[in-house]
Amino acid sequence: MFSVKDKRVLITGGASGIGLALVRHFQSAGATVAVIDLCSSEQLDATGAEVYLADVGDEAQLADAFGNAAADSPLDVVINNAGIALPEGRYEDADLSNLDKVLHVNVRGVYLGLKYAARYLRDGGAIINTASAAAHITFPEYSSYSVSKGGVLAMTRTAALQLGRRGIRVNAVSPGTVLTPMESSEGAEARISVQATALERPARVEDILGAYHFLAADESSYITGTEIRVDGGWIAGMTYNLMERALA
Ligand SMILES: NC(=O)c1ccc[n+]([C@@H]2O[C@H](COP(=O)([O-])OP(=O)(O)OC[C@H]3O[C@@H](n4cnc5c(N)ncnc54)[C@H](O)[C@@H]3O)[C@@H](O)[C@H]2O)c1
């Protein structure tokens, strides 16, 4: 059940955090893993995964990286996971350079990831995009991040429609706060997630791997164009912690 053994999996943003945990997870489950990232890391090198250096938002670089990763055999699974989060502040004095950077990686990067996944995936393959709970719950000064992750969900649905006739499924995983280099345990989001999630804690990377595994496995063969939220119950609604604080 739920085997990904012998699948060829390409993961973007595999040098750190969620991507690195996915590399290790899919390798331990018997898959062959290739990574596309801006740069490698000691931990990624230690996995022995193939690494192709590219900016996911740069079409020429990404095309080369996909071409090399799929040179010997077509891909079974592509995980468009590379992403960044930067605050751009309030609308009245927003830092538009941060808006441009976030959209470059999180929207253009995923768009291009879909374009080349469509070229290099075998029929019947799977694409999984890393979105975020922030597609649903916005933060006052991170507008571009929520815009970008809402865009990832929209692209997920569109790509599912385009690729369905080839049996390629396209889905998203939307994590809440996950402790990675992007989100430290001392950071604001980790502290907020204690109050704002039903489970009263941020996620460890191990908490979210199962959703990717399930969407990559053949047992999810009729699931496409949708999203699995792995958010500890953040989007479910008002927690006891928040109610108790508000009413104290
Ligand atoms: N950590 C969280 O709480 C959280 C929550 C929801 C969603 N996410 C999403 O999960 C994904 C991974 O985040 P993470 O927490 O592991 O972050 P991370 O910073 O630990 O890892 C991100 C990886 O993406 C790579 N990357 C960044 N820009 C790139 C580019 N232009 N081209 C190629 N690679 C690039 C980085 O080099 C890094 O290896 C992102 O899409 C992020 O938005 C994270």
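A residue counts as buried here when its relative accessible area is under 20%. Keep that cut-off in mind for the tour of this predicted model.

**Whole chain**

Along the principal axes, the C-alpha atoms fill a box of roughly 60 × 45 × 40 Å. The radius of gyration is 18 Å, which agrees with the value near 18 Å for a compact globule because the chain has 248 residues.

Next, show the contacts between residues at least 6 apart in sequence: 70% of them join residues at least 24 apart.

**Surface and charge**

The accessible area of the chain is about 11,900 Å², and carbon and sulfur atoms account for 54% of it. Of the 248 residues, 48% are buried.

Now select the charged side chains. There are 20 positive and 29 negative ones, and the centres of these two sets are 6 Å apart.

**Helix α7**

Select residues 205-216, which form helix α7. From the first C-alpha to the last, this 12-residue helix reaches 17 Å, close to the expected 16 Å.

Which residues of α7 are buried? Show the side chains of V205, I208, L209, A211, Y212, H213, L215 and A216. An α-helix has 3.6 residues a turn, so residues three or four places apart point the same way.

Notes
Residues are numbered from 1 along each chain as its sequence is written. This is a predicted model: local features need pLDDT of at least 70, side-chain atom pairs count only at pLDDT 80 or more; totals for chains, interfaces and linings use all residues. Side-chain values use heavy atoms; hydrogens and water are left out. The radius of gyration is taken over C-alpha atoms; the globule rule is 2.2 Å times the number of residues to the power 0.38. Buried means under 20% relative accessible area, exposed over 50%, partly exposed in between (1.4 Å probe, protein chains only). Contact means heavy atoms within 4.5 Å. Accessible areas come from the Shrake-Rupley method with a 1.4 Å probe; for residues, only the protein chains shown count as cover. Lys and Arg count as positive and Asp and Glu as negative; His and the chain ends are not counted. The place of a charge is taken as NZ of Lys, CZ of Arg, CG of Asp or CD of Glu. Helices (H or I, at least four residues) and strands (E, at least two) are DSSP runs, numbered from the N terminus. The expected span of a helix is 1.5 Å times one less than its number of residues.
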